[in-house]
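Hi,

Here is the structure I said I would pass on. Have a look at it first, then read my notes below.

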Amino acid sequence: MVHQDRPNRTGEYVVLDGEIVPTSEARISVLDRGLLRGEGVFETVRTYSGTPFAVSRHLARMHLSAAAAGIRLPPDADLVAAIEDACRANGFAETRVHLTVTGGPGGPAPDPMGDVDPTTIALAGELRDTTGTGEVTAVTLPWVRHEGAALTGVKPTSYLDHLIGHKWAQARDADEGLWRNGAGDVTEATGSNLFVVRDGVVMTPPVSAGLLPGVTRDLVLERCRARSVPVLEGPLTVDDVRGASECFLTSTTKEAVAVVSVDGVVIGDAGHPVVDAVLADWRRWAPRHPDP
Ligand SMILES: Cc1ncc(COP(=O)(O)O)c(C=O)c1O
């Protein structure tokens, strides 16, 4: 198991509403609706060779999240500048940036107190361990994330259900928890998308199953098609996952990581050559295509 996605250090500087300030001194209002009501959205962006990757796709998703949440975003140019400043100000070789926009200091009532500006935070962390390959174990979680819920497909700051799921998995000595939807199908993990390989076909649940449309997920599907690897978006049962020849998770920081067991059942019996090929292709391709 590796923790590729664990930031080793938080940046000394944060970008708060366009200003670069020492992280230890940065403050937001106690009236902030992100804090009081979870009214906020976020994106995690990473760099390759110091350049933020797939920013346009991340901003496009942030617009969808913000529209669903009724949050007014600052102009894209300001969001891009915040990401770039967070990377530059901290000087890490590779950076992950949590870009968060909340409803601003409008207080807890259903409607904000007057017309408040959103709060924008670009918090950098060091992204180390970017060349290893990972193997993780997973368990299916006992709760359902419903495909018809208001937050389906949205990336809100209120990630408490994902945190609860992750802690539940870790308490059972697994690295990851897998969610199921109202139909009982497996959808994704607590911070990444799920793929399996069956009969040589790379399969992943459809967005309509109720999952975050991952930037990495979409690009991995595109890369597989470009390499003539057969792909299929379709519902997956727990048995489909446990019976797969390979299984893997994708996210901005994980890239692609093999799942070697689910609920204690070992996945496949021949290693994970397809996952290895996906990851090798990704690492050749992604750094050369900063905004695909
Ligand atoms: C619930 C969930 N699913 C999937 C993903 C993967 O998305 P991306 O590839 O855009 O990082 C994430 C990333 O944070 C996530 O939180």
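This is a predicted model: local features need pLDDT of at least 70, side-chain atom pairs count only at pLDDT 80 or more; totals for chains, interfaces and linings use all residues.

Residues are numbered from 1 along each chain as its sequence is written, and side-chain values use heavy atoms, with hydrogens and water left out.

**The whole protein**

The protein has seven helices and 15 strands; both are DSSP runs numbered from the N terminus, with helices (H or I) of at least four residues and strands (E) of at least two. Its C-alpha atoms fill a box of roughly 55 × 40 × 35 Å along the principal axes. The radius of gyration is 19 Å, which agrees with the value near 19 Å for a compact globule of 292 residues (it is taken over C-alpha atoms, and the globule rule is 2.2 Å times the number of residues to the power 0.38). Of the 292 residues, 49% count as buried. Here buried means under 20% relative accessible area, exposed means over 50%, and partly exposed is in between, with a 1.4 Å probe and protein chains only.

**The ligand**

Which residues come nearest to the ligand? Of the 17 around it, they are Lys155, Tyr159, Glu188, Thr216 and Thr252 (a residue is near if one of its heavy atoms lies within 4 Å). The residues of this shell divide into four nonpolar, 10 polar and three charged.

Now for the polar atoms. A polar side-chain atom of Glu188 sits 2.6 Å from a ligand nitrogen. A ligand oxygen is 2.6 Å from a side-chain N or O atom of Thr252, and a polar backbone atom of Val215 is 2.8 Å from an oxygen of the ligand. Taken alone, the ligand exposes 390 Å², and the protein buries 95% of that (areas come from the Shrake-Rupley method with a 1.4 Å probe). Strand E9 (186-189), helix H5 (215-226) and strand E13 (246-251) are the elements that give two or more residues to the shell.

H5 has 12 residues and spans 16 Å from its first C-alpha to its last, close to the 16 Å expected at 1.5 Å a residue (1.5 Å times one less than the number of residues). Its buried residues are Val215, Thr216, Arg217, Leu219, Val220, Leu221, Arg223 and Cys224.

Most residues other than glycine have a negative phi. Ser228 lies in the loop between H5 and strand E12 (231-233), and counts as exposed because its relative accessibility is 66%.

Ala54 is in the loop between strand E4 (51-52) and helix H2 (55-69). Is Ala54 buried or exposed? At 0% relative accessibility, Ala54 counts as buried.

Glu39 lies in the loop between helix H1 (33-37) and strand E3 (40-48). Its relative accessible area is 18%, so Glu39 is buried.

Happy exploring!

Key. A polar contact is a pair of N or O atoms within 3.5 Å; within protein, one must be able to donate a hydrogen and the other to accept it, and residues adjacent in sequence count only if both atoms are side-chain atoms. Ala, Val, Leu, Ile, Met, Phe, Trp, Tyr, Cys and Pro count as nonpolar, Asp, Glu, Lys and Arg as charged, and the others, Gly among them, as polar.
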